[in-house]
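This report concerns a protein chain whose sequence and model are shown below. Please keep both in view while reading.

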Amino acid sequence: MASSTKGKKNSIFSRFLNVIERIGNKLPDPFMLFVFLAIVVILVSGFISLFDVTFSQPGSDEQMAIKNLLSGEGLQFMITSVIDNFVGFKPLGIVLTMMLGVGLADKVGLLETFIKNTILRAPKALITYAVIFTGILGNLAADAAFVIVPPLAAMVFYNVGRHPLAGLAAGFAGVGAGFTANIIVANTDAVLSGISAEVMGTIEGAATVTPVDNWYFMLVSTLLLTAAGGLVTERIVEPRLGVYDGEMKQGFDETTLLEKKGLRNATIAAVVYVGLLLVAILWPESPLRNDEGGMIPSPFISGIVPVIMLFFITIGVTYGVTLKKIENSRSIAKYMGEAMKDLSGFIVLIFAVSQFIAYFNWTNIGTWLAVTGAEFLESMNMTGIIVVVAFVFLTALLNLLVFSGAAQWGLEAPVFLKMFYFLDYHPAFIQAAYRVADSSTNIVTPMNPYFVIVLAFMKEYDKKAGLGTLMALMLPYSLIFLVIWTILLLGFAFLGIPFGPGIGVHV
C-alpha cells in the first residue's frame with residue numbers, strides 16, 4: 001500500500017486481502033469504472049429484454065419487466081434524466097449541506113482544537129472502541145454519519161501515532177456495517193417495522209411489528225459489534241497496514257490559551273443550541289414532532305441534516321469569532337467556499353456514480369434478481385432454523401445490488417415475512433435476521449453511494465489508494481460482523497431471549 005509500511009504478519013487471510021487489494025487497484029479510476037459499469041448495465045438490459053423477462057412485484061402482484069436502455073424509451077430516459085440523476089442524488093445533497101457546517105468548523109480550526117483537548121486525552125486503549133461505538137450510534141443522524149465519523153476517526157488515529165486508514169476503516173465499519181444497530185429505538189426501527197406491519201396487515205389476525213420489537217437484540221448487537229470492530233481493527237486491519245509514513249500534515253501543536261477560550265465559547269454555544277432545540281422539540285404541539293406527538297418518524301428526524309449543519313455553523317462561527325478568524329459575514333462565506341473546493345473531485349465522481357445507479361434502478365435488474373433469489377429460497381421448502389440462516393446470507397448477497405435498506409426490505413418482506421409466518425416464525429424475528437444481513441455488507445458494495453465518499457477521504461492520506469485498498473480494508477469487518485451477528489441471532493433464538501418486549505422466535 002502506498003505511503004505505508006506493511007506489517008510483518010503475513011497470514012493466509014492477510015495474503016487474501018492483499019490479492020483483493022491488488023486486483024481492485026488495477027481497476028480503472030473510480031470515475032471511469034462507474035462509466036464502464038453504466039455501459040455494462042445498458043448492454044445487459046438490452047440482452048435480458050430480448051427474452052421478455054417479467055416478474056411480479058412483491059406485495060402488489062404488479063407485473064414488471066426488465067426495461068431496455070437501448071430502446072427508444074431507454075434512450076429518452078438516459079438523455080432527459082442526466083441532470084435529475086446528478087442533482088437529485090441524495091448523498092450529494094447531504095454531503096454538500098453537511099460540509100457547509102462541518103467544513104466551516106474545520107477551516108477555522110475548531111475540530112482540531114476539539115480533538116486535541118478531548119479525544120486525544122482519552123485512554124488510548126479505548127479510542128478504537130469509542131470510534132466504532134460512535135459510528136454505530138451515528139445512525140441517529142441517518143446518512144450524515146457517513147460524512148462525519150470516518151474522516152474524524154482517521155484524524156484521531158493519525159494524531160495518536162496510529163495509521164489514519166485504520167481509523168477511517170473503523171469509523172466506516174461502525175457507521176455502515178452497524179447501521180441498523182443502536183442502544184435506543186431509532187428511525188431505522190420505525191421505517192423497517194412500518195414496512196413489516198403493512199405486509200402483515202394483509203393477513204387477517206396476523207402478528208404485527210412495532211418499532212420496539214427488535215430493541216433488546218439491537219442493544220446487545222451494539223455492544224457486540226463495538227467489541228468485534230475494535231478487535232478487527234487492532235488485530236487484523238492495523239497490523240496489516242503497518243506504520244504510516246505518508247505526506248500528511250504533522251501532528252497538532254499545543255493548544256494556546258486563545259484556542260482554549262474559543263473551545264470554551266464554542267461549547268457554550270453548543271449547549272445553548274442543543275437547549276433551544278430541546279425546547280423546540282418538547283414544546284406542546286411542536287411542529288418538529290409527528291401528528292401523534294412522537295419523534296419516530298417526525299419532521300425533526302427527516303430534517304436532521306440541516307439541524308446538524310446549523311449546529312456546526314453555530315459552534316464554528318463562535319470559535320472563529322473568538323480567535324478573530326471570522327471578522328464579518330464574508331469570512332464565513334470564504335471558509336465555506338474553501339470547504340466546497342475540497343469536494344471538487346468528489347462531485348465529479350458522483351456524476352458518474354449517480355448515472356450508473358439511476359440506470360441500474362430504472363432497468364429493474366436489481367429488483368428482478370432480488371425477487372428471483374427470494375423465490376428460489378422459498379422453493380427450497382425447508383422449515384428449520386437453517387432456512388433463516390440461508391435467508392440471512394441470501395439477503396447479504398442481494399444487498400450488494402440493492403443498497404437501500406428500506407427498498408430492499410420492501411422487496412423481501414412481502415415474500416419472506418409471509419413465508420416464515422406460515423412456518424410459525426414471528427415477523428419481528430425475521431426482520432431482525434434481515435437487519436443482520438443488510439448492515440453487514442453495506443461497507444463492501446460500490447452500490448453504497450458513501451463507499452466512494454470514504455474513498456475520497458482515504459485519498460487525503462494515500463493518494464494512490466483505490467477501490468481495492470478500501471475493499472481490502474473493509475472486507476474483514478463485513479465477514480466477521482456477518483458471522484458473529486448471525487451467531488448472536490441464533491443465540492437469542494436457541495436461548496429463548498426476547499428480541500424486544502414480548503417478542504420471541506415463534507408467533
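## Annotated segments and basis of the report

UniProt positions are given in the numbering used here, with shortened feature names, and annotations may be inferred rather than shown by experiment. The unreviewed UniProt entry places the feature "transmembrane region" at residues 31–51, 86–105, 126–149, 266–283, 303–322, 343–362, 382–403 and 470–497. The model is predicted: local features need pLDDT of at least 70 and side-chain atom pairs count only at pLDDT 80 or more, whereas totals for chains, interfaces and linings use all residues. Residues are numbered from 1 along each chain as its sequence is written, and side-chain values use heavy atoms, with hydrogens and water left out.

Helices (H or I, at least four residues) and strands (E, at least two) are DSSP runs, numbered from the N terminus. Residues 86–105 are 90% helix and 0% strand, with 27 Å between the end C-alpha atoms. For residues 266–283 the values are 94% helix and 0% strand, and the end C-alpha atoms are 25 Å apart.

## Aromatic contacts

A pair of aromatic rings is described by the distance of the centres and the angle of the planes. Rings of Phe, Tyr and Trp (its six-membered ring) pair if their centres lie within 6.5 Å; planes under 30 degrees apart count as stacked, over 60 as edge-to-face and the rest as tilted. By this rule the model contains 27 aromatic pairs. Phe51 counts as exposed because its relative accessibility is 57%.

Phe356 and Phe360 form a tilted pair, 6.2 Å centre to centre and with 35 degrees between the planes. Both residues lie in helix H16 (residues 344–363), four residues apart, which is about one turn of the helix. Phe356 and Phe360 are both buried. Elsewhere, ring pairs join Phe217, Phe391, Phe416, Phe420, Tyr425, Phe429, Phe492 and Phe499 into a cluster.

A charge sits over a ring if NZ of Lys or CZ of Arg is within 6 Å of the ring centre and within 35 degrees of the ring normal. The charged end of Lys334 is placed in this way over the ring of Tyr335, 4.7 Å from the ring centre.

On a 1 Å grid over the protein atoms alone, a cavity is a set of points where a 1.4 Å probe fits but cannot get out, and lining residues have an atom within 4 Å of a point. Grid points are joined across faces, edges and corners, and a volume is the space filled by probe spheres set on the points. The structure holds one cavity of 30 Å³ or more, and the volume of the largest cavity is about 30 Å³.

The lining of the largest cavity consists of Thr180, Asn182, Ile184, Val185, Asp189, Trp215, Met218 and Arg435. These residues divide into four nonpolar, two polar and two charged (Ala, Val, Leu, Ile, Met, Phe, Trp, Tyr, Cys and Pro count as nonpolar, Asp, Glu, Lys and Arg as charged, and the others, Gly among them, as polar).

## Loop residues

Asp52 is a residue other than glycine with a positive phi, near 50 degrees. Asp52 belongs to the loop between helix H2 (30–49) and strand S2 (54–57), and counts as exposed because its relative accessible area is 63%. Lys324, also not a glycine, has a positive phi of about 60 degrees. The loop between helix H14 (304–322) and helix H15 (329–341) contains Lys324, which is exposed at 63% relative accessibility.

Asn159 is located in the loop between helix H8 (144–158) and helix H9 (164–177). With a relative accessibility of 16%, Asn159 counts as buried. Asn159 and Ile453 are 294 residues apart along the chain, and their C-alpha atoms are separated by 22 Å.

Leu111 lies in helix H6 (residues 110–117) and is buried, at 9% relative accessibility. Leu111 and Leu263 are 152 residues apart in sequence, with a C-alpha to C-alpha distance of 9.4 Å.

Glu198 is part of helix H10 (residues 187–200) and is exposed, at 62% relative accessible area. Glu198 and Gly410 are 212 residues apart in sequence and 10.0 Å apart in space, C-alpha to C-alpha.

Note on methods
Buried means under 20% relative accessible area, exposed over 50%, partly exposed in between (1.4 Å probe, protein chains only). On a 1 Å grid over the protein atoms alone, a cavity is a set of points where a 1.4 Å probe fits but cannot get out, and a pocket is an open set with protein on both sides within 12 Å along at least five of seven lines; lining residues have an atom within 4 Å of a point.
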